[in-house]
Structures are given as C-alpha cells and as structure tokens.
Amino acid sequence: MIKKLVKFIYIVVGFIALGFGLVGIVLPVLPTTPLLLLASFCFVKGSERFELWFKGTAIYKHHLESFVMERAMTLKQKMTILLFADAMIAIPFFIVDSLLLKATLILIVVYKYYYFFTKIKTIKGKTLSSDS
C-alpha cells in the first residue's frame, strides 16, 4: 500500500516538473532542462509506463536524450542553462554589500563554467526532425 502511494507521489511530482519544464521552454524565467531531468527521474521511480511514454516524446529527445545517453549537450543548451543561472546569480550579487558573498557567487559562476565545459561533452546541435 505504501509502495503504491510513493509511486503515485513520484508520478504526480513528475507531471508537475514536466508542466513547469514546458512553461520553461517558453518563459526564460524557469530552467527547462533541470525540471525535465526531475520529471524523468520521477517517472523512472514512479511508473515504467510513464517513463517509456516520456522518453518517447519530442520534448525528451530534444532537451534531455543527448545528455542522458552521452553525458553531452549542445553548446546552445549549455549556454541557455549557464546564462539563466548567471542572471539569477547576478540579482543577489548586485543587491548585497557583502564582499564575502560576492566572492562566493563569483566562485560559483566560475565553477559552473568549468564543470559544463570540462565535464559535459559539447556536441553538434540536432533538430527535432532528426530525432524523430
């Protein structure tokens, strides 16, 4: 009984993350890729049927498949994520007066770029039609 409830919660959270991820495709305020990764994780934990359905969608293939299969992203995907994160980090950077906090935020930005360009392979962009 509890196992079914946990799986149901995973499925519900998966659809919520998917919904926000879809909104993030249109609105640059929401980070699409992390939300779709969360949705994928939840579907894997919640239901094989929903996992297979999600992995068959064009959204999964366009935004996540290369990352999941090859631990790789297109340069456009990397820059979209990095620049969105930079914009969010810039808000507290310019609002606060603490030099320690500003230095910490700069280190976070530097580490982000280091990680994305040394640990995640960059691949050529694919179109949706070639993924289908």
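Biologist: Which residue forms a salt bridge with Asp86 here?

Modeller: In this predicted model, Asp86 forms a salt bridge with Lys112, and the closest N and O atoms of the pair are 2.6 Å apart.

Biologist: Is Asp86 buried or exposed, and what about Lys112, buried or exposed?

Modeller: Asp86 is buried, with a relative accessible area of 18%, and Lys112 is buried as well, with a relative accessible area of 14%.

Biologist: Which other residues of helix 6 are buried?

Modeller: Besides Asp86, the buried residues of helix 6 are Gln77, Lys78, Leu82, Phe84, Ala85 and Ile89, and what covers the buried residues includes helix 4, helix 5, strand 1, helix 7 and strand 2.

Biologist: How many residues does helix 6 have, and what is its reach?

Modeller: Helix 6 runs over residues 75-95 and has 21 residues, reaching 30 Å from its first C-alpha to its last, which is close to the 30 Å expected at 1.5 Å a residue.

Biologist: How many salt bridges are there in the whole structure?

Modeller: A search of the whole structure finds two, and besides the pair of Asp86 and Lys112 there is a salt bridge where the side chains of Glu51 and Lys55 meet, at 2.9 Å from N to O.

Biologist: Where do Glu51 and Lys55 sit relative to each other?

Modeller: They are four residues apart in helix 3, so about one helical turn separates Glu51 from Lys55. Glu51 is buried, with a relative accessible area of 18%, whereas Lys55 is partly exposed, at 31%.

Biologist: New topic: what is the phi of Arg71?

Modeller: Arg71 has a positive phi of about 50 degrees, although it is not a glycine. Most residues other than glycine have a negative phi.

Biologist: Where is the place of Arg71?

Modeller: Arg71 is in the loop between helix 5 and strand 1, and it is partly exposed there, with a relative accessible area of 38%.

Conventions: Residues are numbered from 1 along each chain as its sequence is written. This is a predicted model: local features need pLDDT of at least 70, side-chain atom pairs count only at pLDDT 80 or more; totals for chains, interfaces and linings use all residues. Side-chain values use heavy atoms; hydrogens and water are left out. Helices (H or I, at least four residues) and strands (E, at least two) are DSSP runs, numbered from the N terminus. Buried means under 20% relative accessible area, exposed over 50%, partly exposed in between (1.4 Å probe, protein chains only). The expected span of a helix is 1.5 Å times one less than its number of residues. Contact means heavy atoms within 4.5 Å. A salt bridge is a side-chain nitrogen of Lys or Arg within 4 Å of a carboxyl oxygen of Asp or Glu.
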